[in-house]
Amino acid sequence: MSNNRLRVLVLEDSTTQTKIIKRLLLEHDCQVFVAHSAREAFSSGELYEQDIDVMLVDIHFGEANGIDLLGPLQRRWPDAIRIVMTTDSKDDFGGLARAREAGAHLVLRKPFGPGECAETLQDVRNLLSTGERREHVVVLDDSKTAGKIASNLLSSFGYRVSVFQQAEDAIQRLNYDHVDVVLTDVFMPGMSGHEVIQLVRDVWPEVGVVAMTGGTHGGDQTRPALDRELQKSKLLGADGVLLKPYAPPELKRAIRDAESACLSRKREQALKPNIQDMLYLDDC
């Protein structure tokens, strides 16, 4: 990566989408190359001579499947960051999950705007410079104001942040993106924070959870009532709890506690004997 300018290869068969994506990248001073087909991506003499830093690959890439191209692309540009894109369709959530399993560093839902583009490029630069992606926190709060406050604080701490007001939307993000910690309000319309905690702990045990509340369903804001709700959250599997309003150091400490708890769970899981190994030993 010369002069800190990213060289980006966009593999997109839609002319309209290509123009939108290229414009967003040029606004961030990226050098942009485009391939409208798999043949063009691998046979273009101009592309072959380029040291590409990052590739944006559409899943539905003409007649080709973008996920199937990740392997050949990695062999051609082994040091490039691979990002898989797809349309804003629930049918493609599974595709994005498969893309991560196939070696994609990051995933993007289209259409994406300037903010998402900037966040993604920041992640790319972090991966290129340190080999590590930023930790990703999903904030779930039905209050727009509370969500924005949490997002601004977490961003200032260096986290990548996604904010949702409905649990169902946050769960979709968990289905296809890499998430490190979920910060959820306890009381929300629809699926409650307690239900979210249980779901995350059952389906995504590697994800940390922090529960927060500033009041109960009955409007009881006394400290004993709030403490009971947070204690219930911990019993359901929350790694940390927060009373709203909270101070920045309290938020940072709760997120770090959740990350530490996740690391401990991963270590414990790694120490557990593999079932196949146990069967092999029994046969000996």
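Here are a few notes on the pockets and ring contacts in this predicted model.

1. Start with the largest pocket, which comes out at about 310 Å³. It has 16 lining residues, and if you want to find its centre on screen, look for Glu116, Arg160, Val161, Ser162 and Arg173, which lie nearest to that point.

2. Where does the lining of the largest pocket come from? At least two residues each are supplied by β7 (106–109), α6 (114–130), β9 (160–164) and α8 (167–176). Strand β9 gives the largest share, with five residues.

3. Next, the second largest pocket, with a volume of about 240 Å³. Its lining is made of 15 residues, and His178, Val179, Asp180, Glu206 and Lys266 sit closest to the centre.

4. Helix α11 (residues 248–271) provides four residues to the lining of the second largest pocket, the largest share from any element there. By class, this lining holds seven nonpolar residues, seven charged ones and one polar one.

5. Now the rings. How many aromatic pairs turn up in a search of the whole structure? The count is zero. There is a charge-over-ring contact to look at, though: arginine 76 lies over the face of tyrosine 48, at 4.2 Å from the ring centre.

Technical notes:
Residues numbered from 1 in each chain as written. Predicted model: local features only at pLDDT ≥ 70, side-chain atom pairs only at ≥ 80, totals over all residues. Heavy atoms only, no water. 1 Å grid on protein atoms, 1.4 Å probe; cavity = no way out; pocket = protein on both sides within 12 Å on 5 of 7 lines; lining within 4 Å. Points joined across faces, edges and corners; volume = space filled by probe spheres on them. Nonpolar A, V, L, I, M, F, W, Y, C, P; charged D, E, K, R; others polar. Phe/Tyr/Trp six-rings, centres within 6.5 Å; stacked < 30°, edge-to-face > 60°. Lys NZ or Arg CZ within 6 Å of the ring centre and 35° of its normal.
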